[in-house]
Amino acid sequence: ALLLVLSWIHNRVRGLSGTTHRILLGALFGLAACLGMLSPVEFFPGVIVDSRVVLVSLAALFGGWLAGSVAALPVCALRLYLGGVGAPGGVLSVLAGLLIGGLLAMYLRRRGQRVRYPHLLCLGMLTSLTSLMSSFILPGALGFSTFSTFILPIGVVYPLGTLLLGALVLIENERRVAETTRRMSDQRFRRATEASQIGVWEWDT
């Protein structure tokens, strides 16, 4: 269901441009993350796992610092509101996801590259690592217990989740680029035909 929601989100805001697009993109990714936080997986009292880090990092990757910050703000606020011993580490992991996604977006933009599937996988691996490291903020032996319990699910789910959710955005981007290219090609052909005053016939044989 979350995959379909994100696909719908990207379709709705893609036609906008500039600051408005980034703000709406971040707000909708943040909303999706908050909805996911309402049904988390709780391994220990106050220590929960959900999709918030993945969504915030993707918002920053595709929308830059502004979109990532807009997504991270309500997510951090909700995590603090939910409370528990894992709240500080949860907020830290969200901020780390924002930082990683934003830095990767800057790197790709400066190199003139578009987001590709290996970038998504790299993003997921980095966010899973920072999320696991944040478990050591927990007091006493709970930090190591949390790390040893989460290392497999987070180490697998975060990279795969980032890859799958990001792939939806990439597929939609490629579809829109192809559609825009076709439309521009049709317009050039029409102008060329009108300028040359040459008729075009289609024979049905």
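Which element gives the largest share of the lining of the largest cavity? It is helix 6, with four residues; helices here are DSSP runs (H or I, at least four residues) and strands likewise (E, at least two), numbered from the N terminus.

This is a predicted model, in which local features need pLDDT of at least 70, side-chain atom pairs count only at pLDDT 80 or more, and totals for chains, interfaces and linings use all residues. Residues are numbered from 1 along each chain as its sequence is written, and side-chain values use heavy atoms, without hydrogens and water.

The search of the whole structure gave one cavity of 30 Å³ or more. A cavity is a set of points on a 1 Å grid over the protein atoms alone where a 1.4 Å probe fits but cannot get out, and lining residues have an atom within 4 Å of a point. Ile48, Arg52, Ser131, Ser134 and Phe150 are the closest to the centre among the 22 lining residues. Strand 2 (47-49) and helix 4 (87-110) are among the elements that give two or more residues.

Definitions and conventions: On a 1 Å grid over the protein atoms alone, a cavity is a set of points where a 1.4 Å probe fits but cannot get out, and a pocket is an open set with protein on both sides within 12 Å along at least five of seven lines; lining residues have an atom within 4 Å of a point. Grid points are joined across faces, edges and corners, and a volume is the space filled by probe spheres set on the points.
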